[in-house]
Amino acid sequence: MHMADALISPAVGGAMWVATAGLIGYCSKKIKEDIDDRKIPLMGVLGAFIFAAQMINFTIPVTGSSGHLGGGMILAILLGPYAAFLTMASVLTVQALFFADGGLLALGCNIFNLGFFPCFVAYPLIYKMIVKKRPTAKTLAVGATLSAIVGLQLGAFFVVLQTVFSGISELPFSTFVILMQPIHLAIGFVEGVTTAAVVMFVWKRRPEILQPVLSSQTDSKSSIQKVLMAFVIATVIVGGGLSWFASAHPDGLEWAMFKTAGVEELEAPEKGIHSTLATLQEKTAFLPDYGFKKTKMHDSEEGGQAWPAVDPGTSVSGFVGGMLTLCMAVLIGFIVKRKKAANV
Amino acid sequence: MAAIENNLFDIRYMETLASGSSTLHRLDPRAKLITTLIFICMVASLGKYEISRMVPFVIYPLALIIASELPILYLLKKMAIVAPFAILVGILNPFIDTQPLVQIGGVSISGGWVSFASIMLRFALTVSAALILICLTGFNGVCMALEKLKVPGPFVVQLMFLYRYLFVLIEEASRMVRARSLRSFDSRGLHFNVFVQLLGQLLLRTMDRAQRIHLAMCCRGFDGHLRLNRSMAFGYGEMRFLFSWSLLFVLARWYNLPVKIGSIIEGFFL
């Protein structure tokens, strides 16, 4: 369920980057305050464990498929939310860079979807409510399963929201939701059961690993955390709500995104040249700029009038030009290569 | 299991590529990281029908690949592996958006196909840019750039930890899986109880290992920082790289270069 760069607009990607960067900064501060620097190597090595754990697959009876351990929830249970969030962020960074899972612009989204919900929503609100300070086998199992399922459901829902707000895919909101949620319910169930089983295993053999995380976290529930959570959730909701509203007025969303998510630096240049751009485009447009802000509903409704009659002449020149540009790109590459060979 | 082992092989291979010594390899990681981010933002900010504007951006990955002699087929293969998600989400576009948009010759192409093509093109561009970054810089280089760019210390430190122990732990896990499969002749799948035992053992071993590592590091004076013995300098070459590429991206983003060239050519011949 990794978001990909190709499906995301800079406004959404930038907003999620800001939220994620804020969380990383906050968690890092929290970790630094923690005098126990034993945690830093532990986090890194457990992050590597998440990769290694995916080597071990069990067979799901009847279906013929196989399942393995997911990431966020087990980390939250073993490390507590702050350290777990940082670890999850680094796991996803490695995946983005090496496995091209997701992408750099979408990394903010992915860290938020797969890290924020297990660590800061499912863990404090579900796992800790069920387990309390004195865990028993039963509460541990139920808490781990439920929180893993809920965390993944929320994450999947946000994938849908981010895709729809980006407006690059034509998938309507309802279809996408119906597609994503049940699939991730099944995945979440498998993840929940495996997480619970591993937590039980640890609990039976080394209960002292689980106990300190539970007790320490309850004490340090600071007000800053609540403020930050409220801020992040508000950003998302306000940004989301306003963009729905604004979808009828394409320029409104631009405005809403600027005001709520603070992504000026990504978007400002576009806004500045917007008017000159418009006039330029009338002369040059091969595919007239349709703006990336509109949602697909709007597009299909308005498509008829918005598109001027297609002028085959400009289309051809665009096509020819595109091919030429490609050739030039290859040519430049070869010149560079020749030059390099000459130098050597 | 094979997938992860392949990934491990991939990482090693990319790290080998990153140890090259071309001019691009030696460039300060910060310049490459920032340029890549600008590139991705510019590509992603293009509208969903603007294929012609997207084409000039191909120059960046292509030029880097050729100039630093990265294996292009290998990169294409890696991109193909992760393509399914983008295809899955994009493939419905042609069926939902059937408004004719472009006419080439007598054939008209619907907006859906155009936006599908733009999704695939932007997927190829963004993924290749990220892969090239890592193939030219290496993971530790990227981490150092992050640290210099004031990304919080604990995050960077444990990112490097993760990367260092990725190999160790994946190998340990694969030894365990291999040992089990050698001792179980008939049962091909792994039952859930056995799975939990294996995973739990691996987890406990991992935590013990983390403790040993920490003690060893404390003995050597660890104070929460990793000190890397590699100097970085953001000099003239880096500036030139960053600014010339950024200029090109900005030009390609705001001027429809292919159409300009196309109309010039047409005006010349017709």
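**A helix pair and its surroundings**

A: Of the 344 residues in chain A, 49% are buried (20 or more other C-beta atoms within 10 Å of the residue's own, with C-beta atoms placed from the backbone). The model is predicted: local features need pLDDT of at least 70, side-chain atom pairs count only at pLDDT 80 or more, and totals for chains, interfaces and linings use all residues. Residues are numbered from 1 along each chain as its sequence is written, with chains lettered from A and ligands numbered from 1 in the order in which they are written.

Chain A has 14 helices and two strands (DSSP runs numbered from the N terminus, H or I of at least four residues and E of at least two). Among its contacts (C-beta atoms within 7 Å) with a separation of 6 or more, 72% join residues 24 or more positions apart.

The part to examine is the pairing of helix 3 (residues 72–79) of chain A with helix 4 (residues 81–98) of chain A, whose axes come within 7 Å and cross at roughly 140 degrees. Axes are lines fitted to C-alpha atoms over the stretch in contact, with angles from 0 to 180 degrees between N-to-C directions. From helix 3 of chain A, the contact takes Gly72(A), Leu75(A), Ala76(A) and Leu79(A), and from helix 4 of chain A it takes Pro81(A), Ala83(A), Ala84(A), Thr87(A) and Met88(A). By class, these contact residues are seven nonpolar, two polar and no charged (nonpolar is Ala, Val, Leu, Ile, Met, Phe, Trp, Tyr, Cys and Pro; charged is Asp, Glu, Lys and Arg; polar is the others, Gly among them).

Chain A also meets chain B at Leu166(B). Neighbours within four places in sequence aside, Leu166(B) is in contact with Ala48(A) and Phe51(A). Leu166(B) belongs to helix 10 (residues 153–183) of chain B and counts as buried because it has 25 C-beta neighbours inside 10 Å. Leu8(B) is 158 residues away from Leu166(B) in sequence, yet their C-alpha atoms are 8.5 Å apart.

Chain B is divided into domain 1 (2–151 + 235–269) and domain 2 (158–229), with bounds from an automatic or database domain assignment. Their C-alpha centres lie 35 Å apart, and seven residues of domain 1 of chain B are in contact with seven of domain 2 of chain B. On the domain 1 side, helix 1 (2–18) and helix 9 (139–148) of chain B each supply at least two residues; helix 9 of chain B gives the most, four.

Key. Contact = placed C-beta atoms within 7 Å. Buried ≥ 20, exposed ≤ 12 C-beta atoms within 10 Å, placed from the backbone.
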